[in-house]
Amino acid sequence: MSFQADVVTLFPELFPGPLGASVIGRGLSEGLWSLRATQLRDFATDRHRTVDDTPAGGGAGMVLKPDVLAAAIDAVSPAGDERPRLLMSPRGTPLTQARAEQLATGPGAVIVCGRFEGVDQRVIEARQLEEISIGDYVLAGGEIAAMVVLEAVVRLIPGVLGAAESHQEESFGDGLLEYPHYTRPQVFEGRDIPPVLVSGDHKRIARWRREAAETLTRARRPDLLKR
Ligand code: SAH
């Protein structure tokens, strides 16, 4: 069974968007994963197809209504659906490569995209939504965040990237940032490729890469070394 992604959004026309391009898009057309974007507004019950309302307690903005959102979630993910239900949220657990790997080995994901001020807290609890953040900044909506999650996950599905692709060597795969890359020409604007990389000595190359990865990680992301 391939990875099945469901996205609940007020802007289904944004999908697949960038997820339709390159290897991720090829994986989609080859059936290595599937994507369905569902219009939240279709689950509104009033004449005006209302999806949001003013915040209880006052304040700026609008909040997505729990009843409409719950109906949409129940429609795309009926009882017995084993897929995790994610809510894109700046308050969520930061997305990590480890979580992406877990999701990639699972049956798929149901992803809810917030808009306006966000969603009513009660639907988060009632539908056990796992809040996921893509970083410490605020977007206007969850759609691009959902694409980030899906792109990070789908590229890990076997067959989506080249066959022998090793994810272990990438940034975060072993808890480190990746070493720097070089390719021809041998000299670019007076800068050489580090000689060890053209030495053919695979042991020395591996050691150089390991050391470069550690130096980079220590300088830029010491928090990764502590984890
Ligand atoms: N009032 C909220 C921000 C709402 S932004 C707050 O201060 O926390 C509107 C929607 O964009 C959110 O519901 C969420 O779905 C999405 N969003 C914004 N920033 C995000 C982030 N860093 N990660 C994931 N989703 C985000």
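**Pockets in the predicted model**

Q: Hi! Which residues lie nearest the centre of the largest pocket, and how many line it?
A: Hello! This is a predicted model. In it, the largest pocket is lined by 33 residues, and Arg115, Phe116, Glu117, Gly118 and Val119 lie nearest its centre.

Q: Nice. Which elements give two or more residues to that lining?
A: Those are strand S4 (63-64), strand S5 (85-94), helix H4 (121-126) and strand S7 (130-133).

Q: And where does the largest share come from?
A: From S5, which gives five residues to the lining of the largest pocket.

Q: What volume does the largest pocket have?
A: About 660 Å³.

Q: How about the lining of the largest pocket by class?
A: There are 17 nonpolar residues, along with nine polar and seven charged ones.

Q: Switching topic: what's the volume of the second largest pocket?
A: That pocket has a volume of about 520 Å³.

Q: Which residues lie nearest its centre, then?
A: Leu95, Thr96, Gln97, Phe172 and Arg227 do, out of 17 residues that line the second largest pocket.

Q: Where does the second largest pocket lie relative to domain 1 and domain 2?
A: The second largest pocket lies between them, because domain 1 (3-154) and domain 2 (169-226) both give residues to its lining.

Q: Last one: how does the lining of the second largest pocket split by class?
A: Nine residues are nonpolar, five are polar and three are charged.

Notes:
Residues are numbered from 1 along each chain as its sequence is written. This is a predicted model: local features need pLDDT of at least 70, side-chain atom pairs count only at pLDDT 80 or more; totals for chains, interfaces and linings use all residues. Side-chain values use heavy atoms; hydrogens and water are left out. On a 1 Å grid over the protein atoms alone, a cavity is a set of points where a 1.4 Å probe fits but cannot get out, and a pocket is an open set with protein on both sides within 12 Å along at least five of seven lines; lining residues have an atom within 4 Å of a point. Grid points are joined across faces, edges and corners, and a volume is the space filled by probe spheres set on the points. Helices (H or I, at least four residues) and strands (E, at least two) are DSSP runs, numbered from the N terminus. Ala, Val, Leu, Ile, Met, Phe, Trp, Tyr, Cys and Pro count as nonpolar, Asp, Glu, Lys and Arg as charged, and the others, Gly among them, as polar. Domain bounds come from an automatic or database domain assignment.
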